[in-house]
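Trainee: Could you walk me through how to read helix packing and a few backbone features in a protein model?
Mentor: Happy to, let's open the model and begin with a pair of helices.

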Amino acid sequence: MSGRDPFCQPRRGRRGAALTLVFAGVLIAGAATGSLPEPDAPARGAAAGPVGPATRHEAVEKAAAEAMADGKSPMEAAERAVSRSGDRWAAVYSEGEYEEFQDALDGRYTGVGLWARQEPDGRIEVTKVQPGSPAADAGIRTGDRLRSVDGRAVDGRPVTEVIALLRGDAEDAPAGTTVTLGLERGTRAWSETLRRARLSTDSVTVRRLPDGVTVLKIAAFTKGSAAAVRAALRAAPADGRTVLDLRGNSGGLVTEAVHTASAFLDGGLVATYDVDGAQRALHAAPGGDTTRPLVVLVDGGTMSAAELLTGALQDRGRAVVIGSRTFGKGSVQMPTKLPDGSVAELTVGHYRTPSGHTVDGRGITPDLEAGSRALQRAETVLTGLGDPS
């Protein structure tokens with residue numbers, strides 16, 4: 001299990017899987033984050049029936065309003081209503097949490113710049129240090145052992161919990177607050193006090209393999225991801241073979257996934273989805289590169305917007321998909337602002353791939369199964385695809 005501090009476990013358990021699973025495929029529709037196009041006044045509940053999405057939204061809004069009128073917490077009342085809804089992806093966020101979530105989708109976060117994982121013996125090891133971050137300035141290195149955070153031992157704790165401690169989520173710790181880390185490197189043990197800072201993430205990384213294959217790794221669909229992919233393609237050889245690595249990508253902004261699809265497609269359907277029963281479609285822009293040999297790598301951590309992109313490239317015959325079955329998160333959430341500024345999100349529909357394949361609960365089956373040697377398998381497949389010219 002691994003994690004990094006931009007995206008952490010929510011402060012209270014009922015924040016839903018969205019934050020716990022790092023974006024967990026939260027497809028937020030509407031103006032809040034611009035993840036999906038704004039629906040044109042869908043017939044809320046018209047096709048959903050008495051227990052449909054619109055009715056559930058109304059129940060949550062009513063519970064929050066009644067709590068406010070009674071001098072009670074609208075957020076707690078909304079959480080109770082959500083827990084009764086049976087919606088596995090529903091969540092209620094405080095105003096501050098929702099702002100943090102949107103910042104994360106924008107590629108910004110408050111933290112110290114550490115990635116970490118839990119070793120088989122329960123120890124927490126630093127797996128990456130963000131350049132220019134407080135952790136990097138303090139000389140912390142990949143491979144260092146993290147023993148404690150503010151005096152709390154972290155061995156055996158879930159990584160998401162450790163990351164939450166680093167960010168100071170329980171204390172709503174803003175940039176400028178301090179956190180003391182207990183560290184170990186070989187025989188040396190020491191403490192380091194860091195000051196949290198506002199940092200930005202690089203969701204797209206590019207590397208060129210010795211055989212000329214360009215690997216584009218998209219960690220999450222944050223704002224600007226698609227532009228970074230296009231820039232990488234422009235810098236790569238025009239006839240270059242490309243691997244789009246979506247392993248562990250748990251979603252993000254659907255618009256960014258659609259724009260990324262546009263880089264490889266010449267227009268056409270990317271996905272369809274429904275909002276309260278009203279059918280909608282997402283289309284790629286014309287003019288994408290349709291000749292470059294392309295392989296997409298996926299695994300069980302490939303979710304939501306990443307599954308939407310994978311399904312589009314697979315169904316349209318644009319890419320060979322290699323890896324293992326994806327997670328299966330294909331639902332659409334819409335936010336509702338409550339009287340105290342908190343936000344409730346409930347599922348309003350589901351998306352499907354261009355061929356009509358339902359992703360939610362099923363995932364996407366790769367064209368070729370592969371485990372730890374998926375990248376090597378991709379290189380072999382790309383060689384077989386031949387010269388695109």
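**Reading helices, loops and backbone angles**

Mentor: Helix α7 (residues 225–235) packs with α8 at an angle of about 20 degrees, and their axes are 8 Å apart. Please keep in mind that this is a predicted model.

Trainee: Which two quantities describe a pair of packed helices in general?

Mentor: Two packed helices are described by the angle between their axes and by the distance between the axes. An angle under 35 degrees counts as roughly parallel, and α7 and α8 are therefore roughly parallel to each other. Their crossing is right-handed. On the α7 side the contact is made by Ser225, Ala226, Val229 and Arg230, and on the α8 side by Glu256, His259, Thr260 and Ser262. The residues of this contact divide into two nonpolar, four polar and two charged.

Trainee: What is the angle at which α8 crosses α9, and how are the two helices oriented?

Mentor: The axes of α8 and helix α9 (residues 305–315) cross at roughly 25 degrees and come within 9 Å. These two helices are therefore roughly parallel to each other as well. α8 passes α9 in a right-handed crossing. From α8, the contact uses Val254, Ala257, Val258, Thr260 and Ala261, while α9 supplies Ala305, Leu308 and Leu309.

Trainee: How many residues of α8 are buried?

Mentor: Seven of the nine residues of α8 (residues 254–262) are buried, so this helix is largely enclosed by the rest of the structure. The buried residues are Val254, Glu256, Ala257, Val258, Thr260, Ala261 and Ser262. For the whole picture, 53% of the 389 residues of the protein chain count as buried.

Trainee: What is the secondary structure of the chain overall?

Mentor: The protein chain has ten helices and 21 strands. Among contacts with a separation of 6 or more, 69% join residues 24 or more positions apart.

Trainee: How should I think about the faces of a helix, and which residues of α3 are buried?

Mentor: An α-helix has 3.6 residues a turn, so residues three or four places apart point the same way. In α3 the buried residues are Pro74, Met75, Ala77, Ala78, Glu79, Ala81 and Val82. Helix α3 (residues 74–85) has twelve residues and reaches 16 Å from its first C-alpha to its last, close to the 16 Å expected at 1.5 Å a residue. Glycine 86 follows α3 and has a positive phi, near 75 degrees.

Trainee: What does asparagine 249 touch, and is its place buried or exposed?

Mentor: The cut-off for buried is under 20% relative accessible area, so asparagine 249, at 0%, counts as buried. Asparagine 249 sits in the loop between β14 (242–245) and α8. Not counting residues up to four places away in sequence, asparagine 249 touches Ile218, Ala219, Ala220, Phe221, Gly301, Thr302, Met303 and Ala306.

Trainee: Where does leucine 165 lie, and what is it in contact with?

Mentor: Leucine 165 lies in helix α6 (residues 159–167) and counts as buried at 14% relative accessibility. Leaving aside neighbours within four places in sequence, leucine 165 is in contact with Val149, Arg152, Val154, Arg157, Val179 and Arg196. Leucine 165 and aspartate 150 are 15 residues apart in sequence and 8.2 Å apart in space, C-alpha to C-alpha.

Note on methods: Residues numbered from 1 in each chain as written. Predicted model: local features only at pLDDT ≥ 70, side-chain atom pairs only at ≥ 80, totals over all residues. Heavy atoms only, no water. Buried < 20%, exposed > 50% of the residue type's maximum accessible area, 1.4 Å probe, protein only. Helix = DSSP H or I, 4+ residues; strand = E, 2+ residues; numbered from the N terminus. Axes fitted to C-alpha atoms, helices over the stretch in contact; angles between N-to-C directions. Parallel < 35°, antiparallel > 145°, perpendicular 65-115°, else oblique. Left-handed = near helix turned anticlockwise from the far one by under 90°. Contact = heavy atoms within 4.5 Å. Nonpolar A, V, L, I, M, F, W, Y, C, P; charged D, E, K, R; others polar. Expected span 1.5 Å × (residues − 1).
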